[in-house]
Amino acid sequence: MTPPVGIIMGSQSDWPTLREAANILDEMGIAYEARIVSAHRTPDRLWSYGVEAADRGLKVIIAGAGGAAHLPGMMASKTRLPVIGVPIQTRALGGIDSLYSIVQMPKGFPVATMAIGAAGAANAGLMAAAILALGDDALGRRLDDWRAALSASIPQEPIDEQP
Ligand code: RP5
């Protein structure tokens, strides 16, 4: 049985970041699969994943990559499913390379690009949940509850923290 969300990443080294997306999906009770699909090292895997994604029953793809981060854009070229891109933070350039590689798609093949790193990955999970909630009222209520709990956790006033 194919889950609604596919999480794909260019390398095993991206998984600690993409785990943040998976954690959100776990909290929302959304099933997902996680796969290493590199645009450069495994282009044939990328090709077949994109060609088969919609027919397999996937609804949303979260794609994370770093550096010359071509995976999200190439995946968007191979499937009409919404692709949410996560720029991985890189040592050399801090992830600005990943961001620019993912966000500047040509007209016709959009990638919904998140922030660099862990926050972007978590937001990718939330964006996937919001898309799926369009057709799932129970999931919509879980997402509303999650957002309300986050808001309620924010204190009114700051405190002095110990160094
Ligand atoms: C990209 O190259 C991957 O998405 C990863 O962020 C980066 C480095 O990969 P490794 O050298 O750690 O496998 O394709």
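Analyst: Happy to! Let's begin with a helix pair: α5 passes α6 in a left-handed crossing, meaning that the near helix is turned anticlockwise from the far one by less than a right angle. Helices here are DSSP runs of H or I with at least four residues, strands are E runs of at least two, and both are numbered from the N terminus. This is a predicted model: local features need pLDDT of at least 70, side-chain atom pairs count only at pLDDT 80 or more, and totals for chains, interfaces and linings use all residues. Residues are numbered from 1 along each chain as its sequence is written.

User: Which residues of α5 and α6 make the contact?

Analyst: From α5 come Ala129, Ala130, Leu132 and Ala133, and from α6 come Leu139, Gly140 and Leu143. Contact requires C-beta atoms, placed from the backbone, within 7 Å.

User: At what angle do α5 and α6 pack?

Analyst: About 145°, with the axes 8 Å apart. Axes are lines fitted to C-alpha atoms, for helices over the stretch in contact, and angles run from 0 to 180 degrees between N-to-C directions.

User: New topic: what order do the strands of the open sheet have?

Analyst: The five strands run β2-β1-β3-β4-β5, with parallel pairing; a pair needs at least two DSSP bridges. β2 (32-36) and β5 (112-113) are at the edges with a single partner strand each, so one side of each has no neighbour in the sheet.

User: How many bridges join β1 and β3?

Analyst: Five, between residues 5-9 and residues 60-65. Met9 stands opposite Gly64 of β3.

User: And what surrounds the ligand?

Analyst: Gly10, Ser11, Ser13, Asp14, Ser38, Ala65, Gly66, Gly67 and Ile88, where near means a C-beta atom, placed from the backbone, within 6 Å.

User: Which residues does UniProt list for "binding site"?

Analyst: The unreviewed entry lists Ser11, Asp14 and Arg41; its positions use the numbering here, feature names are shortened, and annotations may be inferred rather than shown by experiment. They span 31 residues in sequence, yet no two of their C-alpha atoms are more than 14.2 Å apart, so they gather at one spot.

User: Where is Asp14 found?

Analyst: In the loop between β1 and α1 (15-28).

Methods
Contact = placed C-beta atoms within 7 Å.
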